[in-house]
Amino acid sequence: MDIYRFRVTVSRCSVEERVNLVKVTLIDYDSIKKTITAARTSHGSESDNMGPKDKKLIRNLIKWKHTSIFEHCSYTFKIEGVSRALLQELVRHRMASYTVRSTRYTLKDLTKDKDIEKAKTPAEYKKIVERYCVVPEFPDKVLEKFYETTAQNLKHILLFLSKYKLSNDLIKYLLPESFKTELVMTLNARSLRNFLKLRTSKAALWEIRKLGFMMYKSIPKDHIIMYEDLNIERN
Ligand SMILES: Cc1cc2nc3c(=O)[nH]c(=O)nc-3n(C[C@H](O)[C@H](O)[C@H](O)COP(=O)(O)OP(=O)(O)OC[C@H]3O[C@@H](n4cnc5c(N)ncnc54)[C@H](O)[C@@H]3O)c2cc1C
């Protein structure tokens, strides 16, 4: 099982390093053999192992847009520490299956956290916000305000919970889009190609773009032949 962690550090923040920890784990995946068998079946090529002939065949099939062979290869990723803003973009990719952590449970963690009510200084705001929210690459001046307003928001959520005794299903309407969540995502290589093409592009939201690179990095080396035409960096 390969685990890839990604640290978002911001060079502008020289004194206090701002860190968001996103974790992508490739829990399971199909062997490339299924794709090779599909490719060979469609074009009557024969050999025992993945060899230069198979590579050539796969490259040709991509060129000819015969990409249904990639539907035989499936991946399951566990994705942790991403925002709900990212989540709503991710689930637009319909050719995938998702299971997302229930907000009810995440809110339980929040209500047990004694640090939130106590937080009064910029450093304390920062600490609790980073615990529960994804922090965008704001300029330093704005960043401090982001920490403060988001920390106040978290405090208000706790106040709503204690004062009005509302259920978590109602409280969740107060949550910011930056609130962290986690999910399991399963998709096949054809859908992953589409996802990576769209979401590693510079036009994509910065957070989903970084997730795209992490997912790509977690793919086994012998699978890269299925993606090499997309010219995505693995580093
Ligand atoms: C840079 C960027 C900006 C975006 N901005 C916006 C925005 O402002 N507003 C917004 O609403 N969305 C936006 N999107 C989301 C985008 O429109 C797609 O919904 C999303 O990228 C999922 O892509 P997809 O449909 O190809 O993927 P999937 O849903 O996984 O579908 C994969 C492929 O299956 C086929 N397919 C799936 N469903 C159908 C269908 N019903 N009919 C026909 N073919 C289908 C298509 O060929 C599709 O490419 C943006 C996406 C990107 C990358």
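Okay, let's start with a helix pair: α6, residues 122-132, packs against α7, residues 140-164, at an angle of about 70°, and their axes are 8 Å apart. That makes α6 roughly perpendicular to α7, a label used for 65 to 115 degrees, with under 35 being roughly parallel, over 145 roughly antiparallel, and the rest oblique. Axes here are lines fitted to C-alpha atoms, over the stretch in contact for helices, and angles run from 0 to 180 degrees between N-to-C directions. Helices are DSSP runs of H or I with at least four residues, numbered from the N terminus.

Before I go on, this is a predicted model: local features need pLDDT of at least 70, side-chain atom pairs count only at pLDDT 80 or more, and totals for chains, interfaces and linings use all residues. Residues are numbered from 1 along each chain as its sequence is written.

Back to our pair. On the α6 side we have P122, Y125, K126, I128, V129 and Y132, and they meet E144, Y147, E148, T150, A151 and L154 in α7. Contact means C-beta atoms, placed from the backbone, within 7 Å. By class, that contact has eight nonpolar, one polar and three charged residues. For the classes, Ala, Val, Leu, Ile, Met, Phe, Trp, Tyr, Cys and Pro are nonpolar, Asp, Glu, Lys and Arg are charged, and the others, Gly among them, are polar.

Next up, α1 and α2. Helix α1 covers residues 32-43 and α2 covers residues 52-63; they pack at about 75°, axes 10 Å apart. So α1 is roughly perpendicular to α2. I36, A39 and H43 of α1 meet D54, L57, I58 and L61 of α2. Sorted by class, you get five nonpolar, one polar and one charged.

Now, how do α9 and α10 pack? Helix α9 is residues 189-199, helix α10 is residues 206-217, and the angle is about 135° with the axes 9 Å apart. These two are therefore oblique to each other. F195, L196 and R199 in α9 meet I208, R209, G212 and Y216 in α10.

R199 shows up again around the ligand, along with R92, H93, R94, M95, S191, N194, L198, A203 and A204. Being near means the C-beta atom, placed from the backbone, lies within 6 Å. That shell has four nonpolar, three polar and three charged residues.

Last, confidence. The chain averages a pLDDT of 88, and 89% of the residues score at least 70; pLDDT is the predictor's confidence in each residue, from 0 to 100. Over residues 1-18, though, pLDDT is below 50.

Terms used:
Contact = placed C-beta atoms within 7 Å.
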